[in-house]
Amino acid sequence: MSISRSILLWASENKWMRKNVPSFGFVKSAIKKFMPGEKLEDALDAAQKFKTVNTPTIFTKLGENITDLSEGLVVRDHYLKLIDQVAERNLDIEISLKLTQLGFDLSVDETYERFKTITKKVNENLGNVIWIDMEGSAYTQTTIEFYKKIKNECENVGLCIQAYLYSTEKDIDNLLSVNPNIRLVKGAYKEARDIAFPNKKDVDNSYLRVSKMLMQTAKGKNVRVAFGTHDEDLINTIINESKYLGVPKDKIEFQMLYGIKTNFQNELVKLGYKLKVLISYGDFWYPWYMRRLAERPSNVWFVLKNIF
Ligand SMILES: Cc1cc2nc3c(=O)[nH]c(=O)nc-3n(C[C@H](O)[C@H](O)[C@H](O)COP(=O)(O)OP(=O)(O)OC[C@H]3O[C@@H](n4cnc5c(N)ncnc54)[C@H](O)[C@@H]3O)c2cc1C
């Protein structure tokens, strides 16, 4: 891992910076590159625009590691209201959330009930999938167990899996029994060398290996496979591989973050591939934003430019 990436990921976890940096005006204006605005209304308006170009979206209200269980109820109720608004406006939006935003650090059972309530309403009102984000490696196995349990009760749930972990292939094997819906990403957290591949090349190789494994599975089983990446080379290789394996276009999809590689996003849609754009909103954007900077440290120049 590069030094700049390490520093930015360290900063994403630093308590003082989490509390103070969001009030710096120049950072506030720099985040506009990655989100249409802090308010839900900003995200809904953006989703409406994406709808006109046949691009569905995924919504995430930023937040993680709540310290009081009552905060998780507010999050649950936010998503319940969001589902009504999405249905009223006839938008094509899926939800993606972090379990620690509902209280996973404090009570697994409460989190389960809250998540199930949202999932059932998604199924009844939107008829689509709700995604569970994957957080740092301390949560990997508990999140996988949580996912297996909820997937047995509710069909419409997807899980994010990170290719940088050494355990990824074993984790996917473990998940196959529940016909998972998987979003494969490289992984965004600061992980130790004995847990995750430290070198980008190894992460990319792992991503490719796992994507082949998932595409083979998708051919014969009722699993949904989504590739959450902006890596053009990797995506082109996956597309070629899908042709070689005989995986139909509608069996795979790509998911990208709002504001990143927009031209490439449009190209994929023109080529007939399914694409979803993940839109984040909310005021708790600091750790999430630092992880975005860490993915491309040259983004820091963009922040610095805003100072002047
Ligand atoms: C839909 C979606 C959901 C995600 N959910 C999770 C999750 O639940 N858990 C998790 O750990 N991670 C998640 N991630 C983040 C993911 O793990 C990576 O950190 C992120 O996608 C960057 O990696 P990459 O695959 O784009 O490849 P990289 O090799 O990092 O980037 C490929 C190219 O894309 C461009 N690029 C990538 N990121 C940026 C950026 N921030 N700013 C500008 N350009 C950029 C650069 O040009 C770069 O050369 C998610 C990503 C997506 C797209």
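The model is predicted, so local features are reported only at a pLDDT of at least 70 and side-chain atom pairs only at pLDDT 80 or more, while totals for chains, interfaces and linings use all residues. Numbering starts from 1 along each chain as its sequence is written, and side-chain values use heavy atoms, without hydrogens or water.

Let me begin with the whole protein. There are 13 helices and 8 strands, where helices (H or I, at least four residues) and strands (E, at least two) are DSSP runs numbered from the N terminus. The radius of gyration, taken over C-alpha atoms, is compared with a globule rule of 2.2 Å times the number of residues to the power 0.38. The protein's value is 19 Å, close to the 19 Å that the rule gives for 308 residues, so the protein is as compact as a globular protein of that length. Its C-alpha trace spans about 50 × 45 × 40 Å along the principal axes. Of the 308 residues, 54% are buried; buried means under 20% relative accessible area, exposed over 50%, and partly exposed in between, with a 1.4 Å probe and protein chains only.

I turn now to the nonpolar cores. Such a core is a set of buried Ala, Val, Leu, Ile, Met, Phe, Trp, Tyr and Cys residues joined through side-chain atoms within 4.5 Å. The largest has 70 residues, and those touching the most other members include Phe115, Phe227 and Phe254. Apart from this core lies another, of 20 residues, among them Leu9 and Leu278.

How are helix 5 and helix 6 oriented to each other? Helix 5 (residues 69–88) and helix 6 (residues 108–125) pack at an angle of about 5 degrees, with axes 10 Å apart. They are therefore roughly parallel, a term for angles under 35 degrees. The axes are lines fitted to C-alpha atoms over the stretch in contact, and angles run from 0 to 180 degrees between N-to-C directions.

Finally, two loop residues. Most residues other than glycine have a negative phi. Asn54, however, has a positive phi of about 55 degrees, and is placed in the loop between helix 4 (40–52) and strand 1 (57–61). Asn179 also has a positive phi, near 45 degrees, and is found between helix 8 (168–175) and strand 5 (181–185). Asn54 counts as exposed at 66% relative accessibility, whereas Asn179, at 26%, counts as partly exposed.

Key: Angles under 35 degrees count as roughly parallel, over 145 as roughly antiparallel, 65 to 115 as roughly perpendicular and the rest as oblique.
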